[in-house]
Amino acid sequence: MDAPVLTLPLLGLRFGLRPRATALRTGGGIGNMPSLIRDSSGVAYCALSVIAHRRYALPLPSRTDNVCIRVRMGTPMGTHRYKRRTCALANNSIAGGYMTVSHAQRRVGVSVVATLSLLAGALVIGMPSAQAESVPSGRAALEGTKPAWATGAADQGATPDSAQINARVYLAGRDPKALDAYATAVSDPQSASYGKYLTPHQAQERFGATQAQIEAVTKWLRSSGLTVTGTNRHYISVSGNAAAARTAFATSLHDYRKEGRTYRAPQQAVSAPGTLADAVLTVTGLDNAPHRATPRDTLPGPGAGFRNSGPYSTYYGSNVAGTLPDAYGTKLPYAIHGYTGKQLRAAYGAGNYTGKGVTVAITDAYASPTMANDAAEYAKHNGDRAYRKGQYTEVLPASYTSVDDCGASGWYGEESLDVEAVHALAPDADIVYVGGASCNDPDLLDALNKVVDNRLADIVSNSWADLEGSETPDGAAAYDQTFKLGAVEGIGFYFSSGDDGDEVASSGKKQIESPGNSAWVTAVGGTSLAVGKGDKYQFETGWGTQKALLAADGKSWANLPGAFNGGAGGGTSSTVKQPFYQRGIVPDALAKANGPTRMRTVPDIAAVADPNTGFLVGQTQSWPDGSVKYDEYRIGGTSLAAPVIAGIQALAQQARHFPIGFANPSIYARYNSPLYHDVTDQPLGAGRDLAVARVDFANGVDASGGLVTSVRSLGKDSTLHAVRGYDDVTGVGTPAPGYVTSYGFPFLR
Ligand SMILES: [Ca+2]
């Protein structure tokens with residue numbers, strides 16, 4: 001086991017004297033491997049294996065030579081918008097490389113743009129704020145339920161009364177304020193209630209909706225002419241026509257133009273009868289109802305395959321590109337072949353801990369049909385422990401929807417990465433995969449609720465996200481309620497912070513991602529990691545890549561340093577106020593980046609994410625010769641960082657002999673200590689830039705289409721910078737030897 005780097009008394013002193021941290025919030029990301037597929041008519045598509053989110057295919061331009069293109073595309077129903085930032089294309093084949101995709105909208109039935117600035121989770125019912133539309137007397141406004149894009153200028157007139165509506169009325173529970181307070185106290189090491197978790201049944205008894213509330217809300221909805229299609233402890237789902245919705249929610253529905261399409265939305269803020277103000281949390285689904293969904297009970301086969309070329313380094317610097325031009329004044333090491341669990345465990349101080357007795361849940365949409373076999377194969381190939389019988393289990397929905405719109409098979413790669421990374425870091429931890437019925441918010445939220453309602457796990461790894469600007473307060477409130485219920489049960493949620501840096505290149509606006517922006521989850525940022533010979537930790541930088549190609553004559557790098565190619569998401573929330581645990585730690589230059597009020601910043605913690613210093617993942621894929629078989633490729637993104645941290649937290653929980661629960665108060669309590677690697681962008685000295693050389697198959701599969709050679713810089717994350725202390729690329733840093741064992745110290749739990 002790695003010896004703790006601090007003595008016990010020093011730890012006690014350091015943390016005993018630290019100003020009281022008080023708590024909450026978080027970011028999400030993406031990395032894709034491009035590949036070429038053709039449909040039955042021979043039309044070529046760029047298939048994006050979206051590692052943090054989903055897969056999507058779009059028609060290729062007729063011919064493009066290694067250019068950056070911006071593509072905006074929508075589903076037939078227009079409820080999704082994908083912006084693909086960079087895509088290197090050559091002669092209708094896709095140059096290997098790392099690409100990112102982000103979603104202007106992932107949600108169905110939730111408005112696309114949120115400009116209301118309000119505290120997430122603090123939807124004020126019955127107390128209209130200055131931002132809330134007026135509602136009829138005797139009604140309680142549900143703030144945030146009118147999308148910002150539902151303006152008079154965009155108004156196309158009333159939605160026909162006969163239009164079909166599907167909505168969810170979320171229940172506030174019997175005492176939302178008490179839930180908030182208990183979730184805070186039970187997660188705060190300095191609270192007398194710290195660690196006093198409740199069972200799901202106890203949580204429901206204490207904070208869930210009462211039967212009387214459910215009956216009253218049901219009666220209201222039915223009396224309005226809506227049909228109740230389902231009731232659970234979180235929400236009542238209803239269907240009906242627009243006329244009934246108008247009666248129920250005291251607002252007309254109108255059609256609005258937005259980005260070339262027409263969407264339905266409430267004309268005013270949605271409201272509930274004043275007598276039900278305490279019972280209703282929010283309503284989702286009145287805009288852009290998911291009527292496009294087509295239930296299916298079978299999923300598509302594995303997606304198009306991807307392979308890395310070489311040369312590689314097996315550890316950082318093991319293979320120097322002697323024949324390639326210098327960059328930044330030095331020869332470059334080749335990119336890492338893909339770190340193994342052994343290397344990552346050593347870098348982050350796993351010691352002899354294995355995660356025994358701990359359960360990690362992974363949520364994604366859909367379910368790879370080959371996951372169990374792929375995971376077993378991967379473990380065998382890469383020196384990870386074989387899975388025990390029953391160690392890996394799945395909890396799946398009865399059927400799937402939006403299979404085409406969400407690009408179901410693209411989620412398989414994400415799932416494979418999540419499962420294999422958790423097992424590589426925490427080889428004895430149980431893993432339960434909880435699949436969502438689609439990539440839409442309601443279905444992913446259902447998956448999270450399954451974890452909470454049944455306490456399926458101690459730790460939940462989530463490598464999916466959306467832009468904060470696409471999140472609306474109604475959706476944020478529903479997520480936060482789930483996270484808080486999880487916190488009172490001792491469940492911690494971990495979300496990747498994003499793969500597009502400050503998001504300016506991907507969205508045109510500096511912003512962060514959600515649900516990682518929530519005060520109630522741990523946002524995991526990313527680094528470039530150098531593990532040297534003998535698994536020795538060398539350094540990390542913030543993950544941020546600029547990519548330049550080898551010039552045609554092979555003697556120089558064209559346009560060095562090249563364009564931004566991807567990096568860890570981070571920054572300051574526009575909607576979530578600073579949680580107590582960040583107070584006094586996050587510099588005001590970050591916390592107040594959006595105005596005079598201190599806001600939530602992300603990420604909280606970080607781990608390896610750079611695909612150039614990434615992780616091998618094994619997956620059954622479809623190959624150009626028609627075969628469908630297992631293979632391995634290197635992958636990265638904060639999609640990797642999240643399961644790595646989830647695995648490390650499983651080790652820490654084993655050391656603690658008790659669930660860590662919502663971890664941010666504990667994570668920040670260790671700030672500014674040798675328990676973390678404090679990551680900076682130039683760890684080898686000011687002004688010393690770092691980079692690796694990388695060679696890819698132009699077609700992503702084999703050398704038949706030629707090779708693409710590039711230089712990839714480290715520590716160049718758009719306008720974000722990893723600096724000494726807390727930063728918006730890596731948070732408090734990455735776990736160092738001693739971090740895991742520190743959870744076993746009684747005064748430092
Ligand atoms: Ca730092």
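Good morning. The model is a predicted one, in which local features need pLDDT of at least 70, side-chain atom pairs count only at pLDDT 80 or more, and totals for chains, interfaces and linings use all residues. Residues are numbered from 1 along each chain as its sequence is written. Helices (H or I, at least four residues) and strands (E, at least two) are DSSP runs, numbered from the N terminus.

I begin with a pair of helices. Helix α2, residues 176-187, and helix α11, residues 473-488, have axes that come within 8 Å and cross at roughly 45°. That angle makes α2 oblique to α11. Here axes are lines fitted to C-alpha atoms, for helices over the stretch in contact, and angles run from 0 to 180 degrees between N-to-C directions. Angles under 35 degrees count as roughly parallel, over 145 as roughly antiparallel, 65 to 115 as roughly perpendicular, and the rest as oblique. The crossing of α2 and α11 is left-handed, a term used if the near helix is turned anticlockwise from the far one by less than a right angle; clockwise would be right-handed.

Which residues in α2 meet α11? They are L179, D180, Y182, A183, V186 and S187, and on the α11 side K484, A487 and V488 take part. By class, this contact of α2 with α11 has 6 nonpolar, 1 polar and 2 charged residues. For these classes, Ala, Val, Leu, Ile, Met, Phe, Trp, Tyr, Cys and Pro count as nonpolar, Asp, Glu, Lys and Arg as charged, and the others, Gly among them, as polar. Two residues are in contact if their C-beta atoms, placed from the backbone, lie within 7 Å.

I turn now to strand β18, residues 359-365. Of its 7 residues, 7 are buried. A residue is buried if 20 or more other C-beta atoms lie within 10 Å of its own, exposed if 12 or fewer, and partly exposed in between, with C-beta atoms placed from the backbone. In a regular strand the side chains alternate between the two faces of the sheet. In β18 both faces are covered, with T359, A361, T363 and A365 on one side and V360, I362 and D364 on the other.

β18 pairs in the parallel sense with strand β20, residues 430-436, over 7 bridges. V360 has I431 as its bridge partner in β20. With strand β21, residues 459-462, β18 also pairs in the parallel sense, over 4 bridges, and T363 stands opposite N462 there. Two strands pair if DSSP finds at least two bridges between them.

I431 also leads us to H423, which touches I431 as well as A375, A379 and D384, not counting residues up to four places away in sequence. H423 lies in helix α9, residues 410-425. Is H423 buried or exposed? H423 counts as buried because it has 27 C-beta neighbours inside 10 Å. H423 and A379 are 44 residues apart along the chain, and their C-alpha atoms are separated by 8.2 Å.

Finally, an open sheet of 4 strands has the order β28-β27-β36-β35, with antiparallel pairing. Its edge strands, each pairing on one side only, are β28 (563-567) and β35 (690-697). The twist averages 35° from one strand to the next. Within this sheet, β27 (residues 544-549) and β36 (residues 707-714) run antiparallel and are joined by 3 bridges; K547 stands opposite R712 in β36.
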